[in-house]
Amino acid sequence: MDTIQAIILGIVQGITEFLPVSSSGHLQIAKALLGVSIEENLLFDVTLHAATVLSTVVVLWSEVARLVRGLFSRRFNEEQAYVLKLLLSMIPIGIVGFTLKDRLDALLESPAILLVVGCMLLVTAALLAFAYYAKPRQKAQLSYRDAFLIGVAQAAAAMPGLSRSGSTIATGLLLGNRKETVAQFSFLMVLAPILGETFLELMKGNLGAQAIGTAPLAAGFVVAFVVGCLACKFMIEIVKRGKLVWFALYCATAGLVSILSYLL
């Protein structure tokens, strides 16, 4: 893999990590189109994920700093309650990760993977469309129950083609939470799972042959970070304005193309 390919993959990761279009699916498609054979090498993917995690922290730094400061208070406060909700939302994906990860990885090797991805993209489109047209009564704040249900949506998004951000944001909106609240919660709740998965892969030492080179790794990281910052800000504004229907149309089109590609 050369530096140009790394930059392109970094752009794909940075954009799709936050947009409701399934980042893992788009990254694998981009690799195939570029002729990049790094399926056995997780180092590059880990690097890109680290970049997007850092971009989330930078964009939401004021909120992250507020939560960290609040944790050290002796009295139970809003910040500690919010962190508890984040931890509660991570339970479902933790269960899925420990019990079904091998099966989900095997699914990626299935001959019917295009059919699976296509169907899940259609599900993503349906969720986004429902969230756009539904007008539930808005709540004052996100509840513990809602946090857990959004976490269930994140766990379901472990299926290839089912967008994590799309599923969690749509679920939060359908539960009646305010747009900016859902967007922020969705991006913060993924930090620990991504860092946890990265740590597990590092502990396994299964990063493959590190033949990528320093320049492509650095280029991919920097580009994924910069594009990720822009995409994160963009997605928060899109959610506030309620323009998710355009992503629903995109996911529906991509899903149909994927299904037709499998059938034909």
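Modeller: Helices here are DSSP runs of H or I with at least four residues, and strands are runs of E with at least two. Please keep in mind that this is a predicted model.

Biologist: Happy to! What does the secondary structure of the protein chain come to?

Modeller: By that rule, the protein chain has 12 helices and 0 strands.

Biologist: How do you know whether the radius of gyration agrees with a compact globule?

Modeller: For 264 residues, a compact globule would come out near 18 Å; the protein chain has 18 Å, so the two agree. Along the principal axes, its C-alpha atoms fill a box of roughly 50 × 40 × 35 Å.

Biologist: Now the cysteines. How many disulfides does a search of the whole structure find?

Modeller: The search finds 0. A disulfide needs two cysteine sulfur atoms within 2.5 Å. The cysteine sulfur closest to that of cysteine 119 belongs to cysteine 251 and is 14 Å away, so the pair is too far apart for a bond.

Biologist: How much of the protein chain counts as buried?

Modeller: Of its 264 residues, 49% do. The protein chain still exposes about 13,600 Å², with carbon and sulfur atoms supplying 68% of that area.

Methods
Residues numbered from 1 in each chain as written. Predicted model: local features only at pLDDT ≥ 70, side-chain atom pairs only at ≥ 80, totals over all residues. Heavy atoms only, no water. Rg over C-alpha atoms; globule rule 2.2 N^0.38 Å. Buried < 20%, exposed > 50% of the residue type's maximum accessible area, 1.4 Å probe, protein only. Areas by Shrake-Rupley, 256 points an atom, 1.4 Å probe, with all protein chains shown as cover.
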